[in-house]
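Subject: Structure handover

Hi,

Here is the structure I promised to pass on. Please open it first, then read my notes below.

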Amino acid sequence: MSAPLLKLDQLRVSYGHVEAVKGITLEVQAGEVVALVGANGAGKSTILLALSGLIRTLSGHVIWDGQDITRWRPHQRVSSGLVQVAEGRAILKTLTVLENLELGAYTQPGKPDLEAIFHRFPILKQRAGQLAGNLSGGEQQMLAIGRALLAQPRLLMLDEPSMGLAPMVVGEIFEILREIHLQGITILLVEQNVRQALKLADRAYVMETGSMTLGGTARELVDDPRIIAAYLGG
Amino acid sequence: MLAQQIVNAISLGSVYALFALGFTLVFGILGVINLSHGGIFMLGAYAALLLISKFFLPFWIAIPVAMIFSGLVGLLIDVLILRRLRQRQASHLMPMIATIGAAILMTSLAQGLFGSEARRFPLEMFNDENLKLGNITIPLLQAGITTLSILLMLLMVWVLKRTRLGQALRAIAESPRAAALLGIPVERLFYLTSFIAAALGGTAGILIGLSFNAISPFMGQPMLHKGIAAIILGGLGDVRGAVLGGLFLGVAEVFAITFLSSEYRDALSFGLLFLMLLWRPQGLFGASATRSA
Ligand SMILES: Nc1ncnc2c1ncn2[C@@H]1O[C@H](COP(=O)(O)OP(=O)(O)O)[C@@H](O)[C@H]1O
Ligand SMILES: [Mg+2]
């Protein structure tokens, strides 16, 4: 196997005295879709925030494309193609849809290719001049994804993109993720919707209270009795 | 008579607005109330005075240099104090107390260096001609002061509304975290904001020093109170609000002096502030004081 695009090596993160991530090791190969699943409070978002450089790690390393980026600043990570759609979408509600998109390309030189995004998400074109706070949940998620794509991600991390969305919209979002993947973007997906996540993913990791408990190909995990009992309601 | 007072009010108000604009930028973008803004205002005035009366620089060089100097003082306060408190995710109270300390330090420093007496610009250097518009007389100096304040404010509004930098700053104002996820160098733009805000504050100091022709180590404190009043009137963190709040204070003061007496100046403006807070606790433009982390 070639060197992974992203590797977490014994990563530990704590909030004060509470250790939220207790030595996690994880790999993502270029071209893969990797899912990270687990119950609420397991530490999934904490891992993604640490990967984006928004919280400091206690110990361990983040190796990105062969480089140790553990101490890089958030904007350096985004510039290098490590891009996140955060939990709750992190839409700038007081800015317009267009401004949100333009800021997505903040790290990119030259004019952003908005037409490609508008082609994929026609609703964003219709709403370009409106405040992003007025969009529906599903539209906000599309804006968040479109905005992240404008940063030219090599690895797109998504934190619970289906959260709070109607089932039909969830299907739409996963369809979009599938297309993005086919376009050649590697994906690290955090999801509570394990069934959908395992359908999309090549491999998956399962977390419980800060530790990795299970890992394997999505195909194996779908049939794993522990997964079925805990997450697939079987 | 009335027209003359309106001109004076706009002139004074525009400088207050400039001061309040810097103050509100820091609050809106860094989420911090920087109580050393009055100290920076005072140091800016002394810097210009020193450059003009000791180094004999012409004022059109002295003023920009003093502006940059003020900006650097603000940057220094950010790097030495505010940055550390940010890193520790200190409560809102800590930066307020720390910047009060910085303000006291600046006042003592100015007292030690320049004495407690008020100092004056050698105003002979300015053209003392007047502009006449009908029966309104505007001294050229006053016209220049007002024009510079208004131009600087328009420039800031343009930057915030129309440029990429302004977009990024507004993104940080809403959520530093969301901004960081977009690849905006948040920490760097905090420094820049502190610099710009302090440069505006220092400029206000120079302009007030020129228009009253008096500079003292203690001029910062009353100005800080006016700045606080202006940004609360306008709505905390809101740029339009700060500008209107500043103008409003200028108008209130000039009219208090004209129609009541100068002793009632502050009583009237702060009385109005009190009424405003009863009517609209969030200020003219304030949505609410919440923002995500
Ligand atoms: N800002 C924070 N301060 C303190 N504890 C936190 C903070 N954020 C998350 N935690 C705690 O860290 C643990 C992991 O949280 P999180 O990473 O959000 O889990 P997940 O995304 O898997 O639901 C939880 O116990 C949570 O309560
Ligand atoms: Mg989470």
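**What I found**

In chain B, the side chains of Ser36(B) and Asn34(B) make a polar contact of 2.6 Å. A polar contact is a pair of N or O atoms within 3.5 Å; within protein, one must be able to donate a hydrogen and the other to accept it, and residues adjacent in sequence count only if both atoms are side-chain atoms. Before going on, note that this is a predicted model, where local features need pLDDT of at least 70, side-chain atom pairs need pLDDT 80 or more, and totals for chains, interfaces and linings use all residues. Residues are numbered from 1 along each chain as written, chains are lettered from A and ligands numbered from 1 in written order, and side-chain values use heavy atoms, without hydrogens or water.

Back to Ser36(B). Its place is the loop between H1 and helix H2 (37–53) of chain B. Helices (H or I, at least four residues) and strands (E, at least two) are DSSP runs, numbered from the N terminus. Is Ser36(B) buried or exposed? Ser36(B) is buried, because its relative accessible area is 0%. Buried means under 20%, exposed over 50%, and partly exposed in between (1.4 Å probe, protein chains only). Leaving out residues up to four places away in sequence, Ser36(B) touches Ile77(B), Thr99(B), Ala102(B), Ala103(B) and Met106(B). Touching, or contact, means heavy atoms within 4.5 Å.

**The metal site**

Which residues donate to the magnesium ion (ligand 2)? They are Ser45(A), through OG, and Glu87(A), through OE, at 2.0 to 2.4 Å. Ser45(A) sits in helix H1 (residues 44–51) of chain A, and Glu87(A) in the loop between strand S6 (82–85) and helix H3 (97–104), so the pair ties together parts 42 residues apart in sequence. Donors are N, O and S atoms within 2.8 Å of the metal (3.2 Å for Na, K and Ca); water is not among the atoms, so sites may look incomplete. Ser45(A) is buried at 18%. Glu87(A) is partly exposed at 35%.

**Tyr15(A)**

Tyr15(A) is in strand S1 (residues 6–15) of chain A. With 41% relative accessibility, Tyr15(A) counts as partly exposed. Beyond its neighbours within four places in sequence, Tyr15(A) contacts Ala20(A), Thr46(A) and Ile55(A).

**Salt bridges**

Side chains of opposite charge can pair when their charged atoms come close.

- Lys7(A) and Glu27(A) meet at 3.5 Å, N to O. The pair links distant parts of the chain, strand S1 and strand S2 (residues 18–28) of chain A, 20 residues apart.
- Glu19(A) pairs with Arg12(A), with the closest N and O atoms 2.9 Å apart. Glu19(A) is partly exposed at 28%, and Arg12(A) is partly exposed at 30%.
- Asp224(A) and Arg226(A) meet at 3.1 Å, N to O. Asp224(A) is buried at 13%, whereas Arg226(A) is exposed at 55%.

In chain B, salt bridges that share partners join Lys226(B), Glu253(B), Arg265(B) and Asp266(B) into one network.

Best wishes

How values were computed: A salt bridge is a side-chain nitrogen of Lys or Arg within 4 Å of a carboxyl oxygen of Asp or Glu.
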